Amino acid sequence: MIQRTCIPAGWTDNMLPCQRLEVKAGATKEHFVAAGILGRIGRRLLSEGDAGADNCLKKGKVPLLSLEAIHQLHIFIFVLAITHVIFSVATMLLGGAQIHQWKQWENEIQKDAPGKGPKKVTDVRRHEFIKKRFKGIGKDSRILSWLHSFGKQFYRSVSKSDYTTMRLGFIMTHCPGNPKFDFHRYMVRVLEADFKKVVGISWYLWVFVVIFLLLNVNGWHTYFWIAFLPLFLLLAIGTKLEHVIAQLAHDVAEKHTAIEGDVVVKPSDHHFWLGKPRIIFYLIHFIFFQNAFEIAFFFWILSTYGFDSCIMGQVRFIVPRLVIGVVIQLLCSYSTLPLYAIVTQMGSCYKKELFNEHVQQGVLGWAQKVKMRKGLKGAASKAEPTSNADSAGPSVKIEMAKAGEDVEAVGNTE
C-alpha cells in the first residue's frame with residue numbers, strides 16, 4: 001500500500017534529515033529510474049513493490065517510500081524491538097534487585113508481629129515515618145514539600161519506616177483479617193504482571209515514532225531535544241510518587257496527635273494524577289520505549305550510514321543524548337521503579353494478583369456471572385435485595401483485568 005501511494009516529486013525535497021544537494025534538471029527522474037532498477041536487482045521486500053513504483057512513474061510522481069527505504073525501516077524496527085526488550089529486562093533486573101532487599105524488612109515485620117495484648121499509644125508527631133515525611137518539611141509550604149519530594153528520589157527513596165507504614169495501611173484497608181499478609185510477595189507479583197505489558201509496543205508508541213521521523217529535519221536537531229522528554233517525565237514521576245508518600249503522612253499528622261496502635265495511612269486514588277494510579281504505568285511505559293528508541297536510532301544510523309553521516313549529527317549533540325540515556329536507565333532502575341512498585345499500591349483498589357492463579361480464575365468467573373446477571377435483570381434489579389455473594393466480605397473494591405478489559409466487583413457490608 002505504501003508503494004502504491006504516490007506523491008509529487010517536489011515533496012521529497014522538503015523536511016529532509018540532511019541538507020539537500022543541488023542536482024541538474026531532470027536528475028530527479030533519472031535518479032528515480034536508477035533507484036527502481038537497483039530496487040529490482042536488490043532484495044525484493046514486497047511482491048508488488050516494482051509494480052507500485054512503475055505506476056507512480058507513469059503518473060510523473062514518486063512512491064511515498066522506495067523499496068530501499070522500506071528495507072531500512074524494517075531493519076530499524078527490528079533493532080528498536082531488540083533494544084526495547086533488552087533495556088526493559090535490564091531495568092527490571094536492576095530494579096528488582098533493589099526491591100528484593102525489602103524482603104528482609106517483610107521477614108522482620110512477620111517475625112515481630114504483635115500479639116493480641118493491649119495496644120500502645122503512639123505519639124503521631126514522634127513516629128519515624130511522620131518525622132521524616134511531615135514534621136518540618138512542607139508542613140506550611142507546598143513548594144517546600146514538592147522540593148523535598150524532588151530531592152528525596154535521589155537518595156533512599158524508600159526507607160524501612162516508609163515500607164512498614166504503607167504495608168500496614170494497605171493491609172488494614174484491603175485485608176484487615178490477615179495481618180500477616182505477605183505484602184512484598186504481592187507487590188512483586190503485580191510488578192511482574194506489569195512487566196509483561198511494558199515489553200510490548202502499543203499503537204500510541206508507534207505514533208510517537210512516526211512523528212519523530214517526520215520531525216527529524218536538518219537543522220532542527222529533533223533527536224537531541226527529544227532526548228530530554230523522558231528525563232523530565234522520569235523526574236516528574238519520581239517527584240510525584242515521593243509526594244504521594246508525603247501526602248499520606250500529612251493526612252495522618254493533620255488529623256491526629258496520638259493514636260492507639262501503630263500509625264495507619266489511608267490509601268486513596270485522589271493522591272494520584274486525575275485520580276488514576278494507572279497513569280504512572282503508561283508514562284513509565286513511554287519512558288522505557290522512548291529511551292530505547294533513542295539508543296536504537298543511534299546504533300541504526302551508526303551501522304547504516306556511519307558516524308560521520310549528516311543524519312548522525314554533530315558530536316556535541318550526540319554525547320549528551322547517550323549520557324541522558326544512561327542516566328535515565330540508572331535512575332529508573334534504582335529509584336523510580338521501586339517507588340512505582342510500592343506507591344501505586346496506595347490507591348483505592350487492589351489488583352487481582354492479590355490472589356493466586358486458581359483463586360483469580362474463580363473470582364473472575366464469579367464477577368462475570370454477576371455482571372451478566374445484573375445485565376439480564378435490568379432496572380428491576382435495583383429494587384431487589386443485595387445478593388448473598390455481594391455481602392460475603394468486607395467493603396472492598398477489586399480491580400481486575402482480563403483480555404484488556406477491567407472487571408470491577410464491589411461488595412458492601414458494615
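1. Ser157 touches Arg133, Lys152, Asp162, Glu242, Ser335 and Leu339, leaving aside residues up to four places away in sequence; contact means heavy atoms within 4.5 Å. Ser157 sits in the loop between helix H6 (142-152) and helix H7 (160-174). Ser157 is buried, with a relative accessible area of 8%; buried means under 20%, exposed over 50% and partly exposed in between, with a 1.4 Å probe and protein chains only.

2. The model is predicted: local features need pLDDT of at least 70, side-chain atom pairs count only at pLDDT 80 or more, and totals for chains, interfaces and linings use all residues. Residues are numbered from 1 along each chain as its sequence is written, and side-chain values use heavy atoms, with hydrogens and water left out.

3. Helices (H or I, at least four residues) and strands (E, at least two) are DSSP runs, numbered from the N terminus. The buried residues of H7 include Asp162, Tyr163, Met166, Arg167, Phe170 and His174.

4. Arg185 lies in helix H8 (residues 183-198). Arg185 is exposed, with a relative accessible area of 55%. The C-alpha atoms of Arg185 and Glu106 are separated by 9.2 Å, the two residues being 79 residues apart along the chain.

5. Helix H9 (residues 203-215) packs with helix H12 (residues 278-304) at an angle of about 40°, their axes 11 Å apart. Axes are lines fitted to C-alpha atoms, for helices over the stretch in contact, and angles run from 0 to 180 degrees between N-to-C directions. H9 and H12 are therefore oblique to each other, since angles under 35 degrees count as roughly parallel, over 145 as roughly antiparallel, 65 to 115 as roughly perpendicular and the rest as oblique. Among the contacting residues are Phe208 and Phe212 of H9 and Phe289 and Phe293 of H12.

6. Helix H3 (residues 67-100) and H12 pack at about 130°, with axes 8 Å apart. That makes H3 oblique to H12. The residues that meet include Phe76, His84 and Phe87 in H3 and His285, Phe289 and Trp300 in H12.

7. The UniProt annotation "transmembrane region", from an unreviewed entry, covers residues 73-94, 198-217, 223-241, 279-302 and 322-343. Residues 198-217 are 70% helix and 0% strand, whereas residues 322-343 are 100% helix and 0% strand.

Terms used. UniProt positions renumbered as here; feature names shortened; annotations may be inferred.
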